[in-house]
Amino acid sequence: MEGISLEELQLAARNHGMPLEALRYPVTPVGLHYLLIHFDVPDVDPDDWRLTVRGERELTLDLAELKQRPRAELTVTMECAGNGRARLDPRPVSQPWLLEAVGNARWGGTLLRPLLEDAGVRKSAVEVLFTGLDRGIDGGVEQQYERSLSIEDALGEDVLLAYEMNGASLPPQHGFPLRLVVPGWYGMTSVKWLAEIEILDEPFGGYQQAQAYRLRQAEDEEGTPLQRIVPRSLFVPPGIPEFLSRERRAVAGEHVIQGRAWSGLAPIAAVEVSSDGGSTWAPAELEPEQERWAWRGWRFRWQAEPGEYVLCSRARDEDGNEQPVDPPWNLGGYANNAVQTVKVTVG
């Protein structure tokens with residue numbers, strides 16, 4: 001594998017993952033939640049900001065008017081589509097995520113569906129386009145960040161226009177003053193710094209929809225659009241780390257391994273843990289499910305004897321989707337949900 005480039009280091013410095021020890025928090029503190037910013041954080045004056053919604057009618061709302069609409073709150077696990085990219089071989093060149101591009105936040109705002117209905121949904125409508133204020137160049141194309149949802153997905157019961165994160169106003173880096181939150185979908189769908197919503201009579205063909213975020217093996221393939229999050233489980237590594245390598249050292253005895261699991265396809269049904277690199281597995285104890293779109297906690301009691309171990313965990317959802325041991329490769333490095341592995345030396 002080639003070394004990390006300066007360009008990738010620039011991305012890694014601008015963006016950040018959630019430290020795995022933050023899995024202890026049921027709701028991720030704002031500063032520990034993963035962050036990916038495609039272009040620049042826009043300079044937004046909340047007094048001048050307006051949201052435009054175009055359907056059969058055009059609506060314009062300021063932040064105060066949005067906050068007067070019926071309020072909704074959802075706890076949602078959000079994961080970057082490129083989480084795990086840096087563990088692929090060959091490694092796709094982009095934001096070099098390992099495993100930590102995830103977070104579980106409490107989002108507050110108003111539901112999208114009533115606002116679309118107020119604007120008027122034409123019978124001919126096929127998609128809804130969401131445009132953010134962030135602007136830049138990607139794939140050689142100058143653009144604002146834009147993504148669309150099918151009309152059926154946009155009218156879903158849980159799609160949220162969020163102006164709060166964990167009980168406070170959205171911070172600038174998370175989309176202030178307003179962002180889209182689409183539960184169960186990878187994070188690229190939840191457009192930040194939202195400025196316009198438009199109901200379309202034909203599919204959107206912009207770069208972030210037609211070129212980026214597609215599963216394909218070669219550049220000339222059309223590929224499959226990336227949508228819902230595939231199952232993943234992560235855990236807090238036991239013991240203590242060596243500073244540079246992050247290799248773990250632990251004492252012999254019982255260790256309670258704590259983790260979280262989630263899937264955008266179906267609720268989590270089971271989590272299993274291995275201490276021998278995936279050769280054998282044992283069931284973990286699931287905590288009660290709190291909300292459908294929030295990650296589910298689990299625990300495993302590990303009796304550690306002196307020696308060298310490779311700990312893994314894997315999740316399975318109610319539709320039978322399960323994490324693989326080996327990572328699935330694709331050109332963009334997306335949806336790599338191969339099991340987490342942690343080497344531990346027990347003394």
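Okay, one cut-off before I start: buried means under 20% relative accessible area. And keep in mind that this is a predicted model.

So, His33. His33 comes out at 1% relative accessibility, so the residue counts as buried. Where does His33 sit? It's in the loop that runs between helix H1, residues 6-14, and strand S1, residues 51-54. What does His33 touch, once we skip residues up to four places away in sequence? Quite a list: there are His16, Thr28, Met78 and Trp107, then Val102, Gly103, Asn104 and Ala105, and finally Met165 and His174.

Strand S1 takes us to the sheet. It's an open one, five strands, mixed pairing, and the order reads S2-S1-S10-S5-S6. At the edges you've got S2, residues 58-61, and S6, residues 141-150, each pairing on one side only. From one strand to the next, the twist averages 20°. Zooming in on S1 and S2, those two run antiparallel, with four bridges. Val53, for example, has Leu59 in S2 as its bridge partner. Then helix H3, residues 112-119, packs on the sheet and touches S1, S2, S5 and S10. The direction of H3 makes about 130° with that of S2.

Last stop, another histidine: His255, in strand S16, which covers residues 253-262. Is His255 buried or exposed? Its relative accessible area is 16%, so His255 is buried. A polar atom of the His255 side chain lies 2.7 Å from the backbone oxygen of Val251. Leaving out neighbours within four places in sequence, His255 contacts Pro238, Ala250 and Ala304, plus the run Phe300, Arg301 and Trp302.

Technical notes: Residues are numbered from 1 along each chain as its sequence is written. This is a predicted model: local features need pLDDT of at least 70, side-chain atom pairs count only at pLDDT 80 or more; totals for chains, interfaces and linings use all residues. Side-chain values use heavy atoms; hydrogens and water are left out. Buried means under 20% relative accessible area, exposed over 50%, partly exposed in between (1.4 Å probe, protein chains only). Contact means heavy atoms within 4.5 Å. Two strands pair if DSSP finds at least two bridges between them. Axes are lines fitted to C-alpha atoms, for helices over the stretch in contact, and angles run from 0 to 180 degrees between N-to-C directions. A polar contact is a pair of N or O atoms within 3.5 Å; within protein, one must be able to donate a hydrogen and the other to accept it, and residues adjacent in sequence count only if both atoms are side-chain atoms.
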